[in-house]
Amino acid sequence: MIDKQPRCGYVALAGRPNVGKSTLLNHLLGRKLSITSRKPQTTRHALIGIHNHGAAQLVFVDTPGIHKPQGRALNRYMVGQALGSLAGVDLVVMLIDARGWQDGDDMVRRHIEDAGAPCICAINKIDRLHPKERLLPLIDAVRGKHDFAAIVPVSALKNMALDDLADTVARHLPRGEHLFAAEQATDRPLPFLLAEIVREKVVRRLGAELPHQTAVTVEEVIAGADCTEVHAVIYVERDTQKRIAIGKRGAMLRSIGAEARKDIEMLIDRKARLRLWVKVVPRWSDRERAMQRLGYR
Ligand SMILES: Nc1nc2c(ncn2[C@@H]2O[C@H](COP(=O)(O)OP(=O)(O)OP(=O)(O)O)[C@@H](O)[C@H]2O)c(=O)[nH]1
Ligand SMILES: [Mg+2]
């Protein structure tokens with residue numbers, strides 16, 4: 001029977017780095033809100049994505065991957081964002097990789113248990129599972145790990161079973177009126193989303209050389225008559241990194257800019273001009289004051 005009564009609730013997407021949380025958010029919403037890459041620790045800030053599904057409003061919170069926050073202040077910030085997002089949500093979707101349950105998943109599970117919210121396990125990347133017969137034993141193994149409210153195998157990237165997952169999430173949300181207007185997609189302002197688009201291109205291009213030393217801020221968004229001009233600054237920690245980010249005769253920066261501009265135009269649905277600068281702030285990722293100035297507060 002179709003449930004016509006409105007439901008609404010906050011749903012944290014939690015898991016180890018790189019299990020596909022942000023990809024899942026984007027594919028559930030059918031639009032790109034959260035940045036993704038092959039590198040672990042891509043997402044740094046919690047981000048809300050609102051998905052209206054039948055009579056239910058699913059308020060997803062994409063979170064940074066939960067890991068042991070060793071080393072830099074930036075890692076502590078990221079794990080703090082993830083754990084903070086688990087507190088007070090109505091439901092958690094814990095993502096694991098279909099290749100199997102790992103030690104890092106145990107740590108995530110413990111934090112979810114501490115937070116006390118009911119939890120659905122999404123086994124992601126099943127498109128990579130060969131042979132398919134490995135799925136049933138995996139589901140059995142996952143069942144033994146935690147008192148999950150449900151276990152749903154999906155592929156975020158290939159859009160497999162995402163409707164099943166949304167149905168299952170909706171069924172576990174409390175009844176109640178929707179919190180956000182139907183057309184609202186996120187709680188984050190435009191400059192944040194623009195800066196994240198640029199950071200995605202930086203991570204995808206330079207993730208191997210500069211895994212964690214880059215940050216991006218958007219300084220200006222000027223809406224002209226037929227074009228929106230965006231001014232963004234890419235921050236690195238050393239002069240050598242600045243040279244890498246700019247590339248030979250500016251080639252790297254130009255290609256980052258070209259890729260980011262395409263996504264920006266898709267987001268704002270109009271022509272854009274993107275101006276990029278690269279600046280050095282020594283050791284910003286380990287100094288809380290410097291981090292705050294770059295938006296990590
Ligand atoms: N084959 C396959 N790859 C996937 C799937 N979902 C995500 N990926 C890939 O996994 C990688 C990590 O995806 P993200 O969405 O950035 O992962 P995340 O969990 O948000 O990572 P962090 O933000 O670093 O914690 C990317 O290369 C994705 O394309 C899937 O269902 N199948
Ligand atoms: Mg992510």
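Predicted model: local features only at pLDDT ≥ 70, side-chain atom pairs only at ≥ 80, totals over all residues.
User: How many residues does the contact take from domain 1 and from domain 2?
Analyst: Contact here requires heavy atoms within 4.5 Å. By that cut-off, the contact takes 20 residues from domain 1 and 21 residues from domain 2.

User: Which three residues supply 34% of the area that domain 1 buries against domain 2?
Analyst: The two domains bury about 1600 Å² between them, with 57% of it on carbon and sulfur atoms. On the side of domain 1, one trio supplies 34% of the buried area, more than any other three residues. That trio is Ile35, Arg44 and Arg72.

User: Which helix gives the largest share of the side of domain 1 that touches domain 2?
Analyst: Across this interface there are nine residue pairs in polar contact. The residues on the side of domain 1 divide into seven nonpolar, seven polar and six charged. The largest share, four residues, comes from helix 2 (residues 73–86).

User: What is the N to O distance in the salt bridge of glutamate 200 and lysine 32?
Analyst: Side chains of opposite charge can pair when their charged atoms come close. The cut-off for a salt bridge is 4 Å between the side-chain nitrogen and the carboxyl oxygen. For glutamate 200 and lysine 32, the N to O distance is 2.5 Å.

User: How many residues apart in sequence are the parts that glutamate 200 and lysine 32 tie together?
Analyst: The structure holds 13 salt bridges. Glutamate 200 belongs to helix 6 (residues 190–206), whereas lysine 32 sits in the loop between helix 1 (21–29) and strand 2 (47–53). The pair therefore ties together parts separated in sequence by 168 residues.

User: Which residues come nearest to ligand 1?
Analyst: There are 23 residues around ligand 1. The nearest of them are Lys21, Thr23, Gln41, Thr42 and Asp127.

User: Which residue places a polar backbone atom 2.7 Å from an oxygen atom of ligand 1?
Analyst: Lysine 21 has a polar atom 2.7 Å from a ligand 1 oxygen, but that atom is in the side chain. Serine 155 also uses its side chain, with an N or O atom 3.0 Å from an oxygen atom of ligand 1. The residue with the polar backbone atom at 2.7 Å is glutamine 41.

Definitions and conventions:
Residues numbered from 1 in each chain as written. Chains lettered and ligands numbered in written order. Heavy atoms only, no water. Buried area = accessible area lost by both parts, 1.4 Å probe. Polar contact = N/O pair within 3.5 Å; in protein donor to acceptor, adjacent residues only side chain to side chain. Helix = DSSP H or I, 4+ residues; strand = E, 2+ residues; numbered from the N terminus. Nonpolar A, V, L, I, M, F, W, Y, C, P; charged D, E, K, R; others polar. Near = heavy atom within 4 Å.
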